[in-house]
Amino acid sequence: MKLSYQSTRGGESGLTASQAILKGLADDGGLFMPTQIPKLEASIEELAGMTYQETAYQVMKLFLTDFTEEELRFCINHAYDEKFDTEEIVPLVKADGAYYLELFHGSTIAFKDMALSILPYLMTTSAKKNHVENEIVILTATSGDTGKAAMAGFADVPGTRIIVFYPKGGVSRVQELQMVTQKGDNTAVVAIHGNFDDAQTGVKKIFGDKAFGEKLAAKGFQLSSANSINIGRLVPQVVYYVYAYAKLVKNGEIKNGDLINITVPTGNFGNILAAYFAKQMGIPVKTLICASNDNKVLYDFFQTGTYDKKREFILTSSPSMDILISSNLERLIYLSTGCDAGADRALMEALGSRGDYTVTEQMKAVMKDFVGGFATEEENWAEIRKVYEDTGYVIDTHTGVASAVYRAYRERTGDNTPTVIASTASPYKFSHSVMKAIRGADSAEDEFASIDELCRTSGVKIPAAVEEIRNAPVRHNRECDAADMEKTVGEILGL
Ligand SMILES: *Cc1c(COP(=O)(O)O)cnc(C)c1O
């Protein structure tokens, strides 16, 4: 059967990959899903001999079935090039009994670069394929890393504009500086008075407002999304899990066919869902360990089967995981209903109106590959310090959460399956928190003093992305209330 894309809520079906990428979110508020998750065609032995770019082609061609080989290779080769500071693209570092898959070697030093360095190419190729004449306006809510990575990808790309909303006071100093100093005539950054969920809900609302969409169309604009709800974000993320498994085999760390576990520091559930897709494609994965910080809505969900967002939103030192509405979980919910769009829609409506939903035992059984865990702030800091003291390796505050959750999981279960931990950000992005963890005490130093101290402590060169913002001028200072996001988009586009 030929693969196509359909909404998890049943309102749309039969879209090509390029149409799904262009739309981002379905009109009925659902997320696009492929009609099936394809099986890998290349064997692990073959994959073990491939570069990252070749692996990307092998994985992505199975999902993006209306892209020609030439189109897809063009996108891949322009995305995974010298923007990455290592030829390997995603180095796998063995430390303290686990394999840290470093996903932060792209231009904004967080894992969002893995998908967002290719999304602009996928999007502009999709626009060409579908004869889109409108200017594409990318609307993005960010918990800190997506915004910068999306702007880095879309800045000055002809035929596109990008508007980013971030929670004022809810991101790290480096994250904020990276965004407000962004260059590019087609970029706009807005700090909202609210948290990430407010920003994400606001963006989804704008997408759902038909009248506003018509107003935009009349001016030659059409909206799309760079958030991880876009299938064009999810597919490129499957690649590095396939690559990591093949690499472990190639390096003789495991034998072909051996099971691995994967631990992912989770927020919107995109990254870990990509790991689940890799498993469905044929990578031997035993357990997917979903690591949360104090905003442990997913831990509670996997424990109880009830997703309950009615709780206090806690600001932590892993801000990119400070999320109570994990949008991509909807894709797993949809799969666990046996692709019953009506059942999925009912649960999502309950989440919207009542603030919670509960899945059936049968659905829970489908999700048995997932185990939830969470780490408190203290546990996270202790983990960062421990890994540093044991091995000299410095991890960031998001990877720290995953590492702490994995350690507790291994101690609790005795499961010694080789485990890959998704390392989602460079410690330089969160220098102040990382140095506080290693030192065991806070200091009043400014961010750049912490950065210099981290350099002395870790011996790792300060990335260009950090040096760049040391003295860069602020170009964006717009703020708005969460309720005024649509109006602000109108102002930016001159409606
Ligand atoms: C976005 C992000 C996460 C969470 O990833 P999801 O795909 O939203 O679950 C974790 N760590 C870092 C550093 C991030 O930027």
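This tour moves through a predicted model, from the ligand and its surroundings to the cysteines.

Residues are numbered from 1 along each chain as its sequence is written, and side-chain values use heavy atoms, with hydrogens and water left out. Because the model is predicted, local features need pLDDT of at least 70 and side-chain atom pairs count only at pLDDT 80 or more, while totals for chains, interfaces and linings use all residues.

The ligand is surrounded by 15 residues, and the closest are Lys112, Asp145, Gly267, Asn268 and Thr424. By class, this shell holds five nonpolar, eight polar and two charged residues, with Gly counted as polar.

Next, display the polar contacts (N or O atoms within 3.5 Å). Select Asp145: a polar side-chain atom of this residue lies 2.4 Å from an oxygen atom of the ligand. At Gly267, a polar backbone atom is 2.8 Å from a ligand oxygen atom. At Gly270, the corresponding distance from a polar backbone atom to an oxygen atom of the ligand is 3.2 Å. The protein covers 98% of the 380 Å² of accessible area that the ligand has on its own (Shrake-Rupley method, 1.4 Å probe).

Finally, select the cysteines. A search of the whole structure for disulfides (cysteine sulfur atoms within 2.5 Å) finds zero. Cys339 is partly exposed, with a relative accessible area of 38%, whereas Cys480 is buried at 7%; buried means under 20%, exposed over 50%, and partly exposed in between (1.4 Å probe, protein chains only).

Note on methods: A residue is near a molecule or strand if one of its heavy atoms lies within 4 Å of it. A polar contact is a pair of N or O atoms within 3.5 Å; within protein, one must be able to donate a hydrogen and the other to accept it, and residues adjacent in sequence count only if both atoms are side-chain atoms.
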